[in-house]
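Work through the two exercises below with the structure in view. Each task is followed by a stepwise solution.

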Amino acid sequence: MNKYFEFCTKNVSWLLRIILALTFFNHGYPKLGKEVAGLGFIGYLVGPFEFFGALFILIGSFFKYRNSIITRLGGFMIAVIMIGAIYMHACVWEDKKLLQLEWQMLLIAVSLIFVFKGDKI
């Protein structure tokens, strides 16, 4: 039982990595090369930020380069997207109140874990 707990403790970050990456691969891939939400040039960056942010979080732990910079960059890219999504829903479109954005807030929290902790979670 102790070895099982130790194994789970060492690898629990993979659960966060895989779920976050699958979520953003699923949402980012269809947006590649397309403008999103009528945002002009910035709208074209949404898909690549989602897709490559997910990729960097997923592969970041395999490349030990400069204090987890690949993982941190992936987390940062997703955090930027989620800040934009929360802003657009709460302030521009006003289709959701702040407390109705719990999924977006959860995603930004997980991405910020990777920004600040890197591969050391």
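The model is predicted: local features need pLDDT of at least 70, side-chain atom pairs count only at pLDDT 80 or more, and totals for chains, interfaces and linings use all residues. Residues are numbered from 1 along each chain as its sequence is written, and side-chain values use heavy atoms, without hydrogens and water.

**Exercise 1.** Describe how helix 1 and helix 4 pack.

Step 1. Helices here are DSSP runs (H or I, at least four residues).

Step 2. Helix 1 is therefore oblique to helix 4. Angles under 35 degrees count as roughly parallel, over 145 as roughly antiparallel, 65 to 115 as roughly perpendicular and the rest as oblique.

Step 3. Ser13, Leu16, Arg17, Leu20, Thr23 and Phe24 of helix 1 meet Trp103, Leu107, Val110, Ser111 and Phe114 of helix 4, where contact means heavy atoms within 4.5 Å.

**Exercise 2.** Characterise the pair formed by the rings of Trp14 and Phe62.

Step 1. The ring centres of Trp14 and Phe62 are 5.5 Å apart and the planes stand at 45 degrees, so the pair is tilted. Rings pair if their centres lie within 6.5 Å; planes under 30 degrees apart are stacked, over 60 edge-to-face and the rest tilted.

Step 2. Trp14 belongs to helix 1, and Phe62 to the loop between helix 2 (41-59) and helix 3 (69-92), 48 residues apart.

Step 3. Trp14 is partly exposed at 26% relative accessibility, whereas Phe62 is exposed at 58% (buried is under 20%, exposed over 50%, partly exposed in between; 1.4 Å probe, protein chains only).

Definitions and conventions. Axes are lines fitted to C-alpha atoms, for helices over the stretch in contact, and angles run from 0 to 180 degrees between N-to-C directions. Helices (H or I, at least four residues) and strands (E, at least two) are DSSP runs, numbered from the N terminus. Rings of Phe, Tyr and Trp (its six-membered ring) pair if their centres lie within 6.5 Å; planes under 30 degrees apart count as stacked, over 60 as edge-to-face and the rest as tilted.
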